Structure formats: C-alpha cells, structure tokens
Amino acid sequence: AELIEQIDDMACSRDNHFLYASDLFSCVKKFFRVLMEKEPHGLSREMNKILISFHNPDLKNDQVLYCRLGIDDRKLLESYIGRYAVSGYSSKVFDYKGQVIEIYPLSDGRFLTVWIKRDFLVVSFQKRLIERVIDTWKQKKSLARLDVFRSVSGDRREENKAMVYARWKPSSYLMETGLDKSLWLSFNLKFAEEGVYCAGFVNGDVVADTCCQAFFTSPPLNGFLGDELPSSTFFYKVYALSATKTEMGCLLQQIKSDSVPVTTDSATFDEALAKYFQLEAGSKVLSCFFLSGDSLDKQVRTILSIPMKDVAHAQWELHKLLHAASLGRYPFYKSFTAATGVSGLRLFHLPDHRLTTRLAGCSDGISFTCACFYQGRLLFSSDEQGLIEYIASLEQNDMLEAVPLYGLTTDKLAPTYHSLVTADMGEVLFQSRYCRDLLPSFFLAHADFFRHFQLSIQLCYTEGVVYPNLLLLYTYPDLLVE
C-alpha cells in the first residue's frame, strides 16, 4: 500500500505518465483500491508483498506474479480475479503434473492463468510459464536456492519497499573470456516526487576477468565534466582509463570478435593507435552527442575526448604515427586556426579504423577520422564540422554546466566513480539512430514513459565490490524552477 502511494505521489504520475513495464503490476495498481474497499483494515501481512519475474523473450505477457497468502486470502483473490475476467465466462481447469491450473478469459482478449495453493498464489498471462514454475517448485531448483542469488537477495541493510534483481549480461567478448555469467545485480528502489533512485549492488567476482580488472582497478574519477560539454549535449559518457597494454589488448580483441569485418590496414592502424594511447593517454575518456547551433537544421555531432599526459609530445608522436600510416603519399594535417578562431590548432586526418569507435562506445556506423589537440585533450570526430562546433561552444562558454538540470543531476550522484552515462531521454529517443546501442534496451522498449526523464547510470568500485547506481529525474518545469 505504501509503495503504491509513493508512486501515485510522483510528479510524473500526477501528469499521467506511468511506467507500464509490467501489465501484472498495473493490474494490481488498478484494482488496489477495490481490494482495500473489501478489506478496510488492509491486506494480510503475507499478501502485502509481491514478486514479479520477467522471462525471455521479454514481451509484455512474459511475466509471472507471485505472492504469499494468509488465512481467507483465497476468497478475496477469487473475487478480484472475477472482477478482471470477462463476466459470463467460467474459468477452464487443467491438470498439470497433479497441480490444478485455472485459466480466466479477460476483457482485452488475453487469458489469465492462475495457480493457487493454500499459502501462495502464482499468476501469468502465459500458461507455459506457470507450468515452468510448477516444474521448478517440484524439482526444488528455484533461484532462492542458488548461492549467487541468495547472497544478493539476502543483502538487507535496511527494510526496502521495492527491490529489483537483474542478471548480469556481459558483452559477447567477455562471455568468451570466461566471465561468470551467473552474476546478479540488486537495486534498492526509492520513489520521490522528482524521480526514482536505484542504489545497486553486484555480488560475485565481477572483476575476475582481466578486462574488467583493467577497468575497475583504474584510479577513480572525481567530479564531473560539465565544463567540457556543449550546452546542447543530450548524451555523454565518461569513464576511467588505465590505457595499459592489458586494457588496449582487450579492446583490440573485442574489435576482432565483432561481426563486422576488419581490413588489414584498419587492424594495423588500430594496433599502432593502441600503442600510442598506452604512452600518451591520460586517465579518462569522454564521449558525447550534441546538437549543432543551426536553429533551422540541427545536426547531431559526436565527439570523443581523451586528455594527454604531455600535449607537445603527444602531438609529435601522432604526427610520426600518421606519417608512417600515410607512407608519405598524402597530407594528413592542415591548419585549423581559421576554422576555429583558436591559434596554433592543427586538424589531423586519420585512416579508417575501429579503436576510437570502440572507446567511445558508439555503433560501427560512426568513424572518428578527424582529430585535433585542444585544451590539453585530443579530440576526435567523424568530420571537421563536429570539431569546429564543439570548440566554438567551449570558446563561447556555452557549456552544459550552466544548464539547471545538469546541476540538479550531479548533486545527486556520487562524487567519486569509475563510469557515468547521462542521457536526456527525450532527445535520445528522438535520435535513436545514433544512441540505440548506448543504453539498455529496456529504456528504449518503454520510450513513452522514459522520454520524460533524465537518466544517469553510474558505476562505483570500492574494496572489491561494484555498485551500479541509477537515477531518473523527471524533467517537469517545476523541477527546473526549484
């Protein structure tokens, strides 16, 4: 009851923006007040807790709802199901391995499958899922019996109103390297007027893989980078970079394992660029998508930014690298001063390659073949205009840190972290052609709801434990005024 009240008190709920990720939970909310009218003293202690599981292929009907029952709860539930079912049609009863399954026709054309025992209830829109639950119950092979899940679900620092558990799904490359695929993440959900806070915890040896070790054992980042981002930025990602031989080797191996063919010349330049980063790159990577300043025809621009240890040395080494790649047959740089208004800048042209695309986390459709040094960082873009507009924004102090929502977001994030992704979901979903591979598919599947939010996903690593934190801020006008 308290959880549903918290959800109803959210600003997005008052504006009729609801997350319909679970039709089963929506049914519970829809008829909750009807149930409370029948039970003015509240639901039984057992019925006050529910669990919903999501199953492949993760369509809206691929869910199961569970709850325990107290004395006399069965009659109350049968009345509830009867209200939702089509009047005039009786349920059908099936026997499955000695267990009684009832199926009720619903007014929307679907069927609700119900399995009720003396002390618990299981419902789903899919009969096959109820059968799988019965099989699991009979074989005593539930998630609760797995040590790796029990260690997460048993983590109770406080009494939580809502918890989400998700199976860790590493990239295809990490799966090939032997990373434990049975890891589970747990999130403690807190609902507030302005949004949703999800404090996460990963149990298990997530850094057993050498690639994960290279990432999580890098020095953490401090503070945020609003002064390095144009005010029109709608997606950015920053993470710690060790640029060690191990980390660069992992990135090259990922490129080789991709389904997109890699040419010999591209692979050769990737290897040379990886060695360059090992020697010259600083401790972080920043990538962003922003909109051009043209009010009539706004274009999406992409920038990858990597700080250099010694800019003069890094520029000389890049010059040598590109001269070797060109074999002296074509010019690979030109003056960039007239185009940017910043004296001493050079624009470098890089051959086709994949490493910077991988560092930025972008899809393979984006190729960073233009680069220049600016304010101690090596910037990459897919074209000259992207670099010109990025530099112009910073030169004019037109930065993201001046945007009110940026400050509201960073105030609620951990100051020390290893990775941060922030997205204006309204613009990201509008520009999904560029960003579809940069966020979990769940957010894209429920675009109608998430387009009203600013999303931040932060990874923190402390004393061998990974803490993934997620923040959803509702972008309603009053929030920005406050």
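Q: Which residue in E21 does Leu459 stand opposite?
A: Leu459 stands opposite Pro468 in E21. This is a predicted model, where local features need pLDDT of at least 70 and side-chain atom pairs count only at pLDDT 80 or more, while totals for chains, interfaces and linings use all residues. Residues are numbered from 1 along each chain as its sequence is written, and side-chain values use heavy atoms, with hydrogens and water left out.

Q: How many bridges are there between E20 and E21?
A: Ten bridges pair E20 with strand E21 (residues 465-474), in the antiparallel sense. Two strands pair if DSSP finds at least two bridges between them. Helices (H or I, at least four residues) and strands (E, at least two) are DSSP runs, numbered from the N terminus.

Q: What about the turn of that hairpin? Which residue takes a positive phi?
A: That's Glu463, with phi near 50°, in a hairpin that has two residues between the strands.

Q: And which way do E19 and E20 run, parallel or antiparallel?
A: Antiparallel: six bridges join strand E19 (residues 419-424) to strand E20 (residues 453-462). In that pairing, Val421 has Ile457 in E20 as its bridge partner.

Q: Okay, new topic: helix H14. What span should H14 have?
A: The twelve residues of H14 (residues 384-395) should span 16 Å at 1.5 Å a residue, and the end C-alpha atoms are 17 Å apart, which agrees. The expected span is 1.5 Å times one less than the number of residues.

Q: Which residues of H14 are buried?
A: Gly386, Leu387, Ile388, Glu389, Tyr390, Ile391, Ser393 and Leu394 are buried. Buried means under 20% relative accessible area, exposed over 50%, and partly exposed in between (1.4 Å probe, protein chains only).

Q: What covers the buried residues of H14?
A: The cover includes strand E12 (284-291), strand E13 (300-307), helix H12 (337-340) and strand E15 (346-349), along with strand E16 (370-374) and strand E17 (377-381).

Q: And what follows H14?
A: Asn397 follows H14, and the phi of Asn397 is positive, near 60°.

Q: Switching to cysteines: how many disulfides does the count come to?
A: Zero, where a disulfide is a pair of cysteine sulfur atoms within 2.5 Å. Cys288 is in no disulfide, as the nearest cysteine sulfur, that of Cys362, is 9.6 Å away.

Q: Is Cys288 buried or exposed?
A: Cys288 counts as buried because its relative accessibility is 2%. Cys460 counts as buried too, at 8%.

Q: How many salt bridges does the count come to?
A: The count comes to ten salt bridges. The rule asks for a side-chain nitrogen of Lys or Arg within 4 Å of a carboxyl oxygen of Asp or Glu.

Q: Which parts of the chain does the pair of Glu193 and Arg14 link?
A: Distant ones: Glu193 is in the loop between strand E8 (184-192) and strand E9 (195-203), while Arg14 is in helix H2 (residues 11-14), 179 residues apart. Their side chains meet in a salt bridge at 2.7 Å, N to O. Glu193 is partly exposed at 39%, and Arg14 is partly exposed at 48%.

Q: How far apart are the closest N and O atoms of Lys127 and Glu131?
A: They are 2.4 Å apart, in a salt bridge. Because Lys127 and Glu131 are four residues apart in helix H5 (residues 127-139), about one helical turn separates them.

Q: Last one: which residues are linked with Arg301 in a network of salt bridges?
A: Asp383 and Glu389 are linked with Arg301 in that network.

Notes
Contact = heavy atoms within 4.5 Å.
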